Amino acid sequence: METYAAMRHFADSWGLLGMTFFFLGVVLFNFRPGAKKAAAQASAIPLKED
């Protein structure tokens, strides 16, 4: 049971902090200046003919 308690404590503190930074990184990556063009190209991939 000690392993579970240690992992739970890690997830509650550093795990949450890590997930928060990851989320903020993804949001900032998508709102960078050149993201609109890349998103438009990626959204057109399923419609392209081979």
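Asp-12 is partly exposed, with a relative accessibility of 46%; in this classification, residues under 20% relative accessible area are buried, those over 50% are exposed and those in between are partly exposed (1.4 Å probe, protein chains only). The model is predicted, so that local features require pLDDT of at least 70 and side-chain atom pairs pLDDT 80 or more, whereas totals for chains, interfaces and linings use all residues. Residues are numbered from 1 along each chain as its sequence is written, and side-chain values use heavy atoms, with hydrogens and water left out.

Asp-12 forms a salt bridge with Arg-8, and the closest N and O atoms of the pair are 3.1 Å apart. A salt bridge is defined here as a side-chain nitrogen of Lys or Arg within 4 Å of a carboxyl oxygen of Asp or Glu. By this rule, the count is one salt bridge. In general, side chains of opposite charge can pair when their charged atoms come close. Arg-8 and Asp-12 are four residues apart in helix α1 (residues 2-30), and therefore about one helical turn separates them. Arg-8 is likewise partly exposed, at 45% relative accessibility.

The protein carries 5 positive and 4 negative side chains, and the centres of the two sets are 16 Å apart. For this count, Lys and Arg are positive and Asp and Glu negative, while His and the chain ends are not counted; each charge is placed at NZ of Lys, CZ of Arg, CG of Asp or CD of Glu.

The secondary structure consists of two helices and zero strands, assigned as DSSP runs numbered from the N terminus (helices: H or I, at least four residues; strands: E, at least two). The radius of gyration of the protein is 19 Å, well over the 10 Å given by the globule rule for 50 residues, so the protein is more spread out than a compact globule. This radius is taken over C-alpha atoms, and the globule rule is 2.2 Å times the number of residues to the power 0.38. Along its principal axes, the C-alpha trace spans about 55 × 25 × 10 Å. Arg-8 and Phe-31, 23 residues apart in sequence, lie 33 Å apart in space, C-alpha to C-alpha.

Of the 50 residues, 4% count as buried. The protein exposes about 5,000 Å², of which carbon and sulfur atoms supply 71%; accessible areas come from the Shrake-Rupley method with a 1.4 Å probe, and for residues only the protein chains shown count as cover.
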